[in-house]
Amino acid sequence: MDKKKNKETLREGRKMKLNIGGHEYTIQERTLKASDSTKELYGSHLVKDNMIFINKDIAQSRRRETLIHEVLHAVFYNRGIEHDEPLIETLSNGLHQLGIGDYLWKKARKKS
Ligand SMILES: [Zn+2]
C-alpha cells in the first residue's frame, strides 16, 4: 500500500450498515468536500452502489440529521418518486427532532 492511499484510508471513518427498502446500504463517515468551495457538503449517496457518505467533520447532531436526510433520498429513489431538497430537509429536520436520527445511528452501528 502506498503512503497516499494509506492517508486516504486514515481519513475515512467507520462503516455502518442499514437496510433501506430491502437493500443493504453501507454508510461511511468520511471527509467530504463540496464542489462549490463556499458550501459545506454534509452527506451524499450513490444509489447504484447502495452507499451513503456522511461528513465526519461536522457535529454529531448534524451527522445524525444527515443520515436521516440521505436515507430519505434513498427511500424516494428506491420507489422512483421525484423529490426536492426542501422536502427532504423539512422531513429530516422534523424526524431528527423526534429522535429518529439517534435511532437510525444506533441501528446502523449495530449492523456494522
Ligand atoms: Zn439532499
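Modeller: The largest nonpolar core has 13 residues, and the ones touching the most other members are L18, I27, L67, V71 and L104. Strand 1, strand 2, strand 4, helix 2 (60-78) and helix 4 (100-110) each put in at least two residues. Keep in mind that this is a predicted model.

Take L67 as a way in. Leaving out residues up to four places away in sequence, L67 touches I27, I54, G101, L104 and W105.

Now the strands. Strand 1 (residues 15-20) runs antiparallel to strand 2 (residues 23-30), with six bridges between them. You can follow the pairing through Q28: Q28 in strand 2 is the bridge partner of K15, and F53 in strand 4 is the bridge partner of Q28.

Stepping back to the whole protein, you get four helices and four strands, in the order α-β-β-β-β-α-α-α along the sequence. Of the 112 residues, 23% count as buried. And if you take the contacts with a separation of 6 or more, 56% of them are between residues 24 or more positions apart.

How values were computed:
Residues are numbered from 1 along each chain as its sequence is written. This is a predicted model: local features need pLDDT of at least 70, side-chain atom pairs count only at pLDDT 80 or more; totals for chains, interfaces and linings use all residues. Two strands pair if DSSP finds at least two bridges between them. A residue is buried if 20 or more other C-beta atoms lie within 10 Å of its own, exposed if 12 or fewer, and partly exposed in between; C-beta atoms are placed from the backbone. Two residues are in contact if their C-beta atoms, placed from the backbone, lie within 7 Å. A nonpolar core is a set of buried Ala, Val, Leu, Ile, Met, Phe, Trp, Tyr and Cys residues joined through C-beta atoms within 7 Å.
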